[in-house]
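Please read the sequence and turn the model on screen before going on. The paragraphs below lead through the structure one part at a time.

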Amino acid sequence: MRGITLYENRVRLKSMESSDFKKWRKSLDMSQKDAAHALGLKRRMIQYYEKGERNGDKVVIPLTVRLACYAVAEGVEDYRGPHRKVHRRDKDEKPTKADVPLTVGELEKANEGVDGD
């Protein structure tokens, strides 16, 4: 099976290559800054993932980031759990800064002054 290594009844998925990560970003016409915002990362991490190394050490793109890349590519704007509607972009629409999730700091700032339950 391509992209999968079997280990004694376990399946270990191989990591996304740095070139594939960059292709993902470019296929969505996103800048590194936009990709970082969409994935909730610092722009520097996007640069490390695209280069495939950090200070001479190999950088592995975590499963959580790979899954987030897939979700963004599929148009998922937000996921709030099972039994709740998944918010998606229109199929032909490219992600914009307004489409990507807020960072924790942005969310806290947006919620300032809002009364809770």
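Aspartate 78 and arginine 80 form a salt bridge, their closest N and O atoms lying 3.0 Å apart. The term salt bridge stands for a side-chain nitrogen of Lys or Arg within 4 Å of a carboxyl oxygen of Asp or Glu. Side chains of opposite charge can pair when their charged atoms come close. Aspartate 78 has a relative accessible area of 27%, so it counts as partly exposed. Arginine 80 is also partly exposed, at 47% relative accessibility. Here buried means under 20% relative accessible area, exposed means over 50%, and partly exposed is what falls in between, with a 1.4 Å probe and protein chains only.

The model is a predicted one, in which local features need pLDDT of at least 70 and side-chain atom pairs count only at pLDDT 80 or more, while totals for chains, interfaces and linings use all residues. Residues are numbered from 1 along each chain as its sequence is written, and side-chain values use heavy atoms, with hydrogens and water left out.

The protein chain holds 5 helices and 6 strands. Their order along the sequence is β-β-α-α-α-β-β-α-β-β-α. Helices (H or I, at least four residues) and strands (E, at least two) are DSSP runs, numbered from the N terminus. Of the chain's 117 residues, 23% count as buried. The chain exposes about 9300 Å², and carbon and sulfur atoms supply 49% of that area. Accessible areas come from the Shrake-Rupley method with a 1.4 Å probe, and for residues only the protein chains shown count as cover. Contacts (heavy atoms within 4.5 Å) also describe the chain: among those between residues at least 6 apart in sequence, 43% join residues at least 24 apart.

How many salt bridges does a search of the whole structure find? The search finds 3. One of them joins arginine 25 to glutamate 50, with the closest N and O atoms 2.4 Å apart. Arginine 25 belongs to helix 1 and glutamate 50 to helix 3, so this pair ties together parts that are 25 residues apart in sequence. Both arginine 25 and glutamate 50 are buried. Another salt bridge links the side chains of glutamate 53 and lysine 51, at 4.0 Å from N to O. Glutamate 53 is partly exposed, with a relative accessible area of 31%, whereas lysine 51 is exposed at 58%.

Helix 3 covers residues 43-51. Its buried residues include Ile46, Tyr48, Tyr49 and Glu50. Which elements cover the buried residues of helix 3? The cover includes helix 1, helix 2, strand 3 and helix 4 (63-73). Helix 1 also supplies lysine 22, which is partly exposed at 36% relative accessibility. The C-alpha atoms of lysine 22 and isoleucine 46 are separated by 8.7 Å, and the two residues are 24 apart along the chain. Just after helix 3 comes glycine 52, with a positive phi of about 85°.

In helix 2, the buried residues are Ala35, Ala36, His37, Ala38 and Leu39. Glycine 40 follows helix 2 and has a positive phi, near 70°.

Positive phi values also occur at residues other than glycine. Aspartate 29 has a phi near 55° and sits in the loop between helix 1 (18-27) and helix 2 (32-39). Is aspartate 29 buried or exposed? Aspartate 29 is exposed, because its relative accessible area is 60%. Asparagine 55, which is not a glycine, has a positive phi of about 50°. Asparagine 55 lies in the loop between strand 3 (53-54) and strand 4 (57-58), and at 72% relative accessibility it counts as exposed.

The last stop is on the surface. Lys33, Arg43, Arg44 and Arg54 gather there in a patch of positive charge. Patches are made of residues with over 30% relative accessible area and no salt bridge; like charges are joined within 9 Å, and nonpolar side chains (Val, Leu, Ile, Met, Phe, Trp, Tyr) within 5 Å. Lys and Arg count as positive and Asp and Glu as negative, while His and the chain ends are not counted. The place of a charge is taken as NZ of Lys, CZ of Arg, CG of Asp or CD of Glu. Arginine 43, one of the patch residues, is found in helix 3. Arginine 43 counts as partly exposed because its relative accessibility is 44%.
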